[in-house]
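The sequence and structure are shown first.

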Amino acid sequence: MAKKLGGKADQHTLNADTEFETVGLSSLQIADIVYAIEDEVGIEFDPGQAANVKTVGDLVELARATKLGGVEA
């Protein structure tokens, strides 16, 4: 996420409640983050569920559930 925020990364403290829009990430940047996590962790998110993530916590929970098999890819 810091890569996507660039120079603005130091202006934000990220936690589970941080909303992507409030830190200035566009929908394209959010999609890039989602794809990077898929590649890094070796999972594939359900596109509909990935499109609904609004916070850092939402994305972490979706990754955890997908990794554990709780969400069908």
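## The largest pocket

Helix H2 gives the most to the lining of the largest pocket, with six residues. The space in the largest pocket is about 370 Å³. Lining it are 17 residues, of which Ser-27, Ile-30, Ala-50, Ala-51 and Val-53 are the closest to its centre. By type, the lining comprises 11 nonpolar, two polar and four charged residues.

A pocket is defined on a 1 Å grid over the protein atoms alone, as an open set of points where a 1.4 Å probe fits, with protein on both sides within 12 Å along at least five of seven lines; lining residues have an atom within 4 Å of a point. Grid points are joined across faces, edges and corners, and the volume is the space filled by probe spheres set on the points. Ala, Val, Leu, Ile, Met, Phe, Trp, Tyr, Cys and Pro count as nonpolar, Asp, Glu, Lys and Arg as charged, and the others, Gly among them, as polar.

## Model and confidence

The model is predicted: local features need pLDDT of at least 70 and side-chain atom pairs count only at pLDDT 80 or more, whereas totals for chains, interfaces and linings use all residues. Residues are numbered from 1 along each chain as its sequence is written, and side-chain values use heavy atoms, with hydrogens and water left out.

The average pLDDT (the predictor's confidence in each residue, from 0 to 100) is 83 for the chain, and 81% of the residues score at least 70.

## Overall fold

The chain contains four helices and zero strands, in the order α-α-α-α from the N terminus on. Of its 73 residues, 30% are buried; buried means under 20% relative accessible area, exposed over 50%, and partly exposed in between (1.4 Å probe, protein chains only). Among contacts (heavy atoms within 4.5 Å) between residues at least 6 apart in sequence, 46% join residues at least 24 apart.

## The nonpolar core

The largest nonpolar core has 14 residues, and Phe-20, Leu-25, Phe-45 and Leu-59 have the most contacts inside it. Helices H2 (27–41) and H4 (56–67) each supply at least two of its residues, and H4 gives the most, with four. Such a core is a set of buried Ala, Val, Leu, Ile, Met, Phe, Trp, Tyr and Cys residues joined through side-chain atoms within 4.5 Å. In soluble globular proteins, nonpolar side chains tend to be buried together.

Leaving aside residues up to four places away in sequence, Phe-20 touches Met-1, Leu-25, Ile-30, Val-53, Lys-54, Thr-55, Val-56 and Leu-59.

## Residues of helix H2

Ser-27 lies in helix H2 and is exposed, with a relative accessible area of 63%. Its C-alpha atom is separated by 9.0 Å from that of Ala-51, 24 residues apart along the chain. Gln-29, also in helix H2, is partly exposed at 21% relative accessibility; the C-alpha atoms of Gln-29 and Met-1, 28 residues apart along the chain, are separated by 8.8 Å.

Ile-37 is found in helix H2 and is partly exposed, at 24% relative accessible area. Not counting residues up to four places away in sequence, Ile-37 touches Gly-42, Phe-45, Leu-59 and Ala-63. Ile-37 and Leu-59, 22 residues apart in sequence, are 9.3 Å apart from C-alpha to C-alpha.
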